[in-house]
Amino acid sequence: MRLQSDHGPVLVGVHVDAAPGLPRQDRSPIECFDPGHHHLVWSPNSAVEVRTPRRSFVAGAPDGLWLPGGHSYEVVPRSRWITARFEVASCPRAWNRVGQLPLGDVVGPMLTHLHHFPDGSTAAALVTAAVEHLHRSFASSPAPLHYPTDPRAREIADALSADPACPLELVEWAPRIGASERTLRRLFTEQTGIPFRRWRLRLRATTAICLLRDGFPNSEVAARCGYGSTDSLARAVRR
């Protein structure tokens, strides 16, 4: 497959997981990407996690992770996942960074369709529409939230991802995890790039944006993400 959009970027392939829809019991990384291409990775019905030797990135459906070429990545599959590969030389320089991109309900299905019908009569139009959406997404998307890779800090991060409103501080997590508060604080800063409290604030805001995008009412989003009011929610999302 080699489909060029009207705006330049060339789609060179779409890969669909061999076992769609079936959760994997073994969550060890299973895929090393070809560093010669940019990759867009997403899961239609669950979060997708991608690891590098030093960082871990997670995006919840329907968002995707954009992974620039020149590096090796590994997927930690939770359910069905899909990868679209793009030619590096044809993509804008602004796309040469990791990004968490909102795909909505259209882009993922369009690219998946191209996996099944790469030579169809609508293929060129579909890749052009998908690239237009990616251009808009890059213009407005923040850097993705990094997750710690150390299992002690990661246990906390996963628990907060499941319940962003959890008020526990690291001093309260420490005896539950079996590590000192100082160690946990250091792990979050070293492995996510920001201190724990800022990481939790970003997690809450990112989760809130996803829920609002999915149509949940402001009051419910505020309660689920640990905001005391809808005004607090609005300020956090704007920041």
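# Close-up views of a predicted protein chain

**Figure 1. The whole chain in numbers.** The protein chain exposes about 11800 Å², and carbon and sulfur atoms supply 52% of this area. Accessible areas come from the Shrake-Rupley method with a 1.4 Å probe, and for residues only the protein chains shown count as cover. This is a predicted model in which local features need pLDDT of at least 70 and side-chain atom pairs count only at pLDDT 80 or more, while totals for chains, interfaces and linings use all residues. Residues are numbered from 1 along each chain as its sequence is written, and side-chain values use heavy atoms, with hydrogens and water left out. The protein chain has eight helices and 10 strands; helices (H or I, at least four residues) and strands (E, at least two) are DSSP runs, numbered from the N terminus. Of the 239 residues, 47% count as buried. Buried means under 20% relative accessible area, exposed means over 50%, and partly exposed lies in between (1.4 Å probe, protein chains only). Among contacts between residues at least 6 apart in sequence, 72% join residues at least 24 apart; contact means heavy atoms within 4.5 Å.

**Figure 2. Helix H3 against helix H5.** The axes of helix H3 (residues 151-162) and helix H5 (residues 181-192) come within 9 Å and cross at roughly 80 degrees. H3 and H5 are therefore roughly perpendicular to each other. On the H3 side the contact is made by Arg 152, Ala 153, Ile 156 and Ala 157, and on the H5 side by Thr 183, Leu 184, Leu 187 and Phe 188. Sorted by class, the contact of H3 with H5 has six nonpolar, one polar and one charged residues. Here Ala, Val, Leu, Ile, Met, Phe, Trp, Tyr, Cys and Pro count as nonpolar, Asp, Glu, Lys and Arg as charged, and the others, Gly among them, as polar. Axes are lines fitted to C-alpha atoms, for helices over the stretch in contact, and angles run from 0 to 180 degrees between N-to-C directions. Angles under 35 degrees count as roughly parallel, over 145 as roughly antiparallel, 65 to 115 as roughly perpendicular and the rest as oblique.

**Figure 3. Helix H3 against helix H4.** H3 packs with helix H4 (residues 170-177) at an angle of about 120 degrees, and their axes are 11 Å apart. That makes H3 oblique to H4. Arg 152, Glu 155, Ile 156, Ala 159 and Leu 160 in H3 meet Leu 170, Trp 173 and Ile 177 in H4. By class, this contact of H3 with H4 has six nonpolar, no polar and two charged residues.

**Figure 4. Helix H4 against helix H5.** The angle between H4 and H5 is about 105 degrees, with their axes 8 Å apart. H4 is thus roughly perpendicular to H5. From H4, Leu 170, Val 171, Trp 173, Ala 174 and Ile 177 make the contact, and from H5, Glu 181, Leu 184, Arg 185 and Phe 188. The residues of the contact of H4 with H5 divide into seven nonpolar, no polar and two charged.

**Figure 5. The buried residues of helix H1.** In helix H1 (residues 107-116), Val 107, Gly 108, Met 110, Leu 111, Thr 112 and Leu 114 are buried. The buried residues of H1 pack against strand S1 (3-4), strand S2 (10-16), S3, strand S8 (82-87) and H2.

**Figure 6. Ser 43 in a loop.** Ser 43 sits in the loop between strand S3 (37-42) and strand S4 (48-51). With a relative accessible area of 2%, Ser 43 is buried. Not counting residues up to four places away in sequence, Ser 43 touches Val 48, Ala 61, Ser 79, Arg 80 and Trp 81.

**Figure 7. Two loop residues on either side of strand S10.** Ser 141 lies in the loop between helix H2 (123-140) and strand S10 (146-147), and Thr 149 lies in the loop between S10 and H3. Ser 141 is buried, at a relative accessible area of 11%, whereas Thr 149 is partly exposed, at 36%. Leaving aside neighbours within four places in sequence, Ser 141 is in contact with Arg 97, Gln 100 and Leu 101. Ser 141 and Gln 100 are 41 residues apart in sequence and 6.5 Å apart in space, C-alpha to C-alpha.

**Figure 8. Leu 211 in helix H6.** Leu 211 is found in helix H6 (residues 196-213) and counts as buried at 10% relative accessibility. Apart from neighbours within four places in sequence, Leu 211 is in contact with Phe 216, Val 221, Arg 224 and Cys 225.
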